[in-house]
Amino acid sequence: MTGAFVPGVRLCEVFYRDAVRPLLDRHFPGLPHAAARIGPGSDVLGYDTPRSTDHDWGPQLTLVLDPADHARHAAAVDATLRQRLPKHVLGWPTHFTPPDARVRVMTATGGPVAHRVDITTVAGWTRTRFGAPFTGTLLDWLATPRRCSPKPSAVPSTTTTTAS
């Protein structure tokens with residue numbers, strides 16, 4: 001089963017709002033995090049089309065935690081998402097195969113969900129993008145030359161939450 005095409009950024013926004021965030025609120029109340037659809041993919045920049053749905057497209061996001069919270073909660077968050085995520089969002093599967101492959105496709109499942117929620121830290125995310133963790137200040141980040149930074153990825157689905 002697949003739903004009607006919607007831009008990937010919108011799908012990811014709904015995935016976070018209706019599936020991921022409620023599970024975080026229920027099982028990890030007050031856990032500060034940022035959630036966004038960032039990284040590679042035509043959907044990140046709004047260039048996706050129905051043809052994009054054949055690989056590496058679908059309900060996915062990056063969940064950024066503080067390093068201490070990541071060490072304490074990342075494995076449990078991952079397990080909770082695997083067991084409790086809905087099997088579909090807006091008619092699109094939340095399960096991706098083959099697991100841990102570079103290129104994955106959405107596939108229906110009756111069991112745990114092999115999701116595409118990357119649970120990381122700022123240092124972890126920058127390590128995968130730049131080859132080293134970013135340890136500078138906000139001004140250092142803003143001064144990073146364009147040739148050293150990842151493709152632009154500011155998308156409307158970016159949502160930041162903090163504990164009250």
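1. Starting at the N terminus, the elements of the protein follow the order α-β-β-α-β-β-β-β-β-α-α-β. That comes to four helices and eight strands; both are DSSP runs numbered from the N terminus, with at least four residues (H or I) for a helix and at least two (E) for a strand.

2. A word on what you are looking at. This is a predicted model, in which local features need pLDDT of at least 70 and side-chain atom pairs count only at pLDDT 80 or more, while totals for chains, interfaces and linings use all residues. Residues are numbered from 1 along each chain as its sequence is written, and side-chain values use heavy atoms, with hydrogens and water left out.

3. Now the whole protein. Of its 164 residues, 38% are buried (under 20% relative accessible area; exposed is over 50% and partly exposed is in between, with a 1.4 Å probe and protein chains only). Among contacts (heavy atoms within 4.5 Å) with a separation of 6 or more, 74% join residues 24 or more positions apart.

4. Let's visit Thr-62, in strand E2 (residues 61-64). Why does Thr-62 count as buried? Because its relative accessibility is 5%. Leaving out residues up to four places away in sequence, Thr-62 touches Ala-34, Ala-35, Ala-36, Ile-38, Asp-118, Thr-120 and Trp-125. Take Ala-36 from that list: Thr-62 and Ala-36 are 26 residues apart in sequence, yet their C-alpha atoms are 5.4 Å apart in space.

5. Trp-125 leads us on to helix H3 (residues 122-130), whose buried residues are Gly-124, Trp-125 and Thr-126. After H3 comes Gly-131, with a positive phi near 90°.

6. Next, a pair of loop residues. Ser-52 sits in the loop between strand E1 (33-36) and E2 and is buried, at a relative accessible area of 14%. Beyond its neighbours within four places in sequence, Ser-52 is in contact with Ser-42 and Trp-57.

7. Thr-109 is found in the loop between strand E6 (105-106) and strand E7 (117-120). Its relative accessible area is 22%, so Thr-109 is partly exposed. Residues up to four places away aside, Thr-109 touches Lys-87 and His-95. A polar atom of the Thr-109 side chain lies 3.1 Å from the backbone nitrogen of Gly-111.

Conventions: A polar contact is a pair of N or O atoms within 3.5 Å; within protein, one must be able to donate a hydrogen and the other to accept it, and residues adjacent in sequence count only if both atoms are side-chain atoms.
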